[in-house]
Structure formats: structure tokens, C-alpha cells
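Please look through the structure below with its strands in mind.

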Amino acid sequence: MGQITGMVKGDTDPVWKRRLHQKPRSKKSAPVLKLLKGFEQSQWWDPEDIEAKQFRQMSQLLAHAQRSISHYAETLGHVNPDDVESLKAGRWFDLPVLKRDTVNKLGDDLLSRTIPKSHGRLNPIYTSGTTGRPVRVVRTLFALTYWSAFTTRDHIWHNRIIKGKLASIRSSEKNFALYPKGARQIAWGSKDGVFKTGPSISLNVNTSIPDMAEWIARNEPDHIVCLPNILKRLAPYCIENGVTFPNLREVQVHGENCGELIRQQCREAWDVPLHDIYTSREIGYMALQCPKHDHYHIQSEGVYLEILDEDGRSCNPGEIGRVIVTTLQNYAMPLIRYEVGDYAERGEPCDCGRGLPVINRILGREQEILVLPTGEQRWTLLGSPDVRAFMEMAPITQYQLAHVAADRIEVRLATKRDLTANEEAKITEWVRKKLGYPFEIGFAYSDELPLTKAGKFKDFVVEFTASKA
Ligand SMILES: [Zn+2]
């Protein structure tokens, strides 16, 4: 026992196994620890058993949604939620897909009237997502417990040095964690998280690449978390200039397409693996990277994830289709067959022994970069507080910022009514501040902002060719 090398069914690193069986650190962390112990079992179940449990959960969720949310009573009322077998046999796949703009339009009408008290307090979140249409989703404390558990599962799967130092380069907030100092926190996440972690340090994403490399080398983190786009520039810079990070064990990324090239560059630059996660704010974790491979395992304890072709049929391994997700644990605002806006390629079952279904790759999460007239590069990352501030300025239902000339940004909006001059002035000021440059701002209105030919939408687009001076 404990001598086995390589991952076999039921095997988790012994250090982590011991940790999972310690007493919880606090009252708050006890439910997360309990979930993690359950995950230790459920990840090794056969795919059929995993799916059977999910259909039982979806049957309950469907009944709850029909009872307490009028939208679902109208759209799903004809389905008998108790007939799990017929749901599984095909009924489920006839349920209408929930579009992002429906969630946007319905707003709080999607909130359940009878949220189980035991699911704890409510927590709203705003998302910009990949469709540029801001969505407000309300989650329960119970659903957030799953969020924490998946975060920790990712640490376990990738065997992180939990007492080590985590460097985070993912905030674009103005004046936050500026070079050369950055910022420092005593823990990786919440200080009363499920396990005691080492410290974390942060650096603003708008730091120049040479400064970023210097900061990382000086602070010697064990782990780095950032966006793939940072790595695309940081890794080649380090290779060219011989910058190494001796303590570094791995790089974690999220939020964008993560291609094979970036993985190779991480190996070449620092000889470390890259681990990606697939998550969205409104849903939470959808998939984590397998401990043994570059592909992903769907987090079936939290979501039922479908990949559908153009005709709405389930994709076979190797095929790419739309991602449709049902959140299994959020009884405040259940998302049933929700279209995330991404595309994914279904994979074959994994030889690591986990029964959790496989996604080979995720497409459609590209983020464009803003080049200021000064030549400085910036990320237009619109986080939840940004979107909230933006939406509170005017009745906006959809937005897109288009970089249409070197010094000009067009703000494209779909709104519930015409905006006043005062509202436009406020938005102008907000956009300039957010992008960090006194751009000339124009406005364009339409009922619906168009999608690209591939059916995608970006909240920031570049529509001119910068002259290379
Ligand atoms: Zn695997």
C-alpha cells in the first residue's frame, strides 16, 4: 500500500489522503471537507453510475423548478419530472435550451420562490462572459460550497504544495498590486479555507513583461496563476533572456483558449507543466484538467454538461459542439440546459480511471488585446464589479467595446430605452478610465448586437489594423 507509482483506480496522493481525513479547521470548512471526501469516491465511479445519479438530481431539480419558477412551469411544465427513466431515454434532450439573453431578460423572474432554507444565504454575481451580455445570477451558500470543493479538488489533482507561495497575475484593477511591490495576502483564497495554505502574492496584469519576469524571479513562487495570454508573451521573453524561476512547479491558467503551443513554451521556459480549468462565473467549475493528461474531466458532481452538434444531437468523441450546462446544486436560480456560449470537443473515456466524462479542448474563449496609441498593451478584462458598475449607469442589456481606430472606441449598446446625454457622458468617462486612455468615444445603438459567423460574440473587438511604427 502506498508503494504504487502512477495513478491507479482509487489512488490519491497519500499526503492529501491524510489531509482529507483530518478534523475540519473550522465550522465553515466542514461542509467543503465532507464534499471532498465524497468526491474521492465519486470520481472513480463508472460513467453509467455517474450519469444515473445526475438524472436523479436533474429529476429533483426539474420538479423544484416547475413548482417554484413560472418560466420553467411554462416551458417545462409538460414533462413529468418523476419519470427518471424516460428523461434519460431522451425526454431530457427535448427540453428547450436556455439562452443567455433569456436569462438576461427574465432577470429575477428566474429566482425560485421557495429556496430550501438549508441551502443558506443568497449571493448574486454579475458576469460579462463570452457573449458580452451581462447576466446576473444568484447562487446559494450551498452551491458555493461546491465551488470551494472544486477549487480544492484541483489542488489535489495537481498535487500542489499547499504551504507554498502562489503568485497571481490576473487582476487589472486600477492601482492594484502595482510593480515593483505587488500585493501580498496570507492565504491563497479565503484565510479560513478548507486547508491552511501558504501566502499568495499578486501583480497587476498590466505590468510590462520584463517587469513581470523580474517580479516573479525576485519573489520565487511555487505556483503561478494567470491568463494564457500573459504566458504567450512571458514564456518567449524568459526563453530569449534566459530568465528562470527555480522554485516554480507549475502554472495554472483559466478563462481563455489554452493551446498546445503555450504548454510547450512553459516546458521550454521553466520546465513546468501547465494546468487549465474550465469555469464560468454564472456556473462555476465545469471541468478540471486530468492529473495525467492535457484534457479535461467534467465536474459531474456539480454540473450536467452536454456537447451538442448543429442538429442538437449529442456529439461523439472527436466532434466539436455547443456547450450546454445544467447546474445541479443551485436551487436559487437553476440553469437548466443553459447555453454557455463556448464550443468543446468531446473526448474518449480516460485511462486515469476516473469515470468523469472527458473534454479534449474548449474553443471560443479568445480574448483580444487592446493596444493603446502609446503602444502600451492592456487587457480589457471586465470582472463582476466592472459589469455591475456599467449596468447601473443605464438600462443596458448588451454591450460591446470596439476599437475602431487608434484613438477611437465605439461603444455598441442594446438598451431598454434611449439613453440620456448624461448617461452617455457617464459611460464615456467610465470607458476611458477602464481602458486607461482618453479615447474619443462614439456610441452606436441596435436592438441586438450581431454575432460572428461562427455564432460567437466578444465584449471587446479590434476592428482596424494598427500601423507598425
Ligand atoms: Zn483522466
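Ala 344 stands opposite Ile 362 in β14. The two strands concerned, β13 (residues 338-346) and β14 (residues 358-363), run antiparallel and are joined by four bridges. Strands here are DSSP runs of E with at least two residues, numbered from the N terminus, and two strands pair if DSSP finds at least two bridges between them. This is a predicted model, in which local features need pLDDT of at least 70 and side-chain atom pairs count only at pLDDT 80 or more, while totals for chains, interfaces and linings use all residues. Residues are numbered from 1 along each chain as its sequence is written.

Both strands belong to an open sheet of 12 strands with mixed pairing, in the order β4-β5-β3-β6-β7-β8-β9-β10-β14-β13-β12-β11. At the edges stand β4 (183-185) and β11 (303-308); each has a single partner strand, so one side of each has no neighbour in the sheet. From one strand to the next the twist averages 35 degrees, with axes taken as lines fitted to C-alpha atoms and angles running from 0 to 180 degrees between N-to-C directions.

Within this order, strand β8 (residues 274-280) has six of its seven residues buried, so the rest of the structure largely encloses it. A residue is buried if 20 or more other C-beta atoms, placed from the backbone, lie within 10 Å of its own. Strand β7 (residues 250-254) pairs with β8 in the parallel sense over four bridges, and Gln 252 stands opposite His 275 in β8. With strand β9 (residues 284-289), β8 pairs in the antiparallel sense, also over four bridges. Ser 280 stands opposite Gly 284 in β9, and β8 and β9 form a hairpin with three residues between them.

Ile 169 lies in strand β3 (residues 166-171). It counts as buried because it has 23 C-beta neighbours inside 10 Å. Leaving aside residues up to four places away in sequence, Ile 169 touches Leu 203, Val 205, Met 212, Ile 224, Cys 226 and Ile 230; contact means that the C-beta atoms, placed from the backbone, lie within 7 Å. Ile 230 is 61 residues from Ile 169 along the chain, and their C-alpha atoms are separated by 8.5 Å.

Another open sheet has four strands in the order β19-β18-β17-β20, with mixed pairing. Its edges are β19 (440-445) and β20 (460-462), each with a single partner strand, so one side of each is left without a neighbour in the sheet. Neighbouring strands of this sheet are turned by 25 degrees against each other on average, direction ignored. Strand β17 (residues 396-405) pairs with strand β18 (residues 408-415) in the antiparallel sense over eight bridges, and Gln 398 stands opposite Ala 414 in β18.

Note on methods. A residue is buried if 20 or more other C-beta atoms lie within 10 Å of its own, exposed if 12 or fewer, and partly exposed in between; C-beta atoms are placed from the backbone. Two residues are in contact if their C-beta atoms, placed from the backbone, lie within 7 Å.
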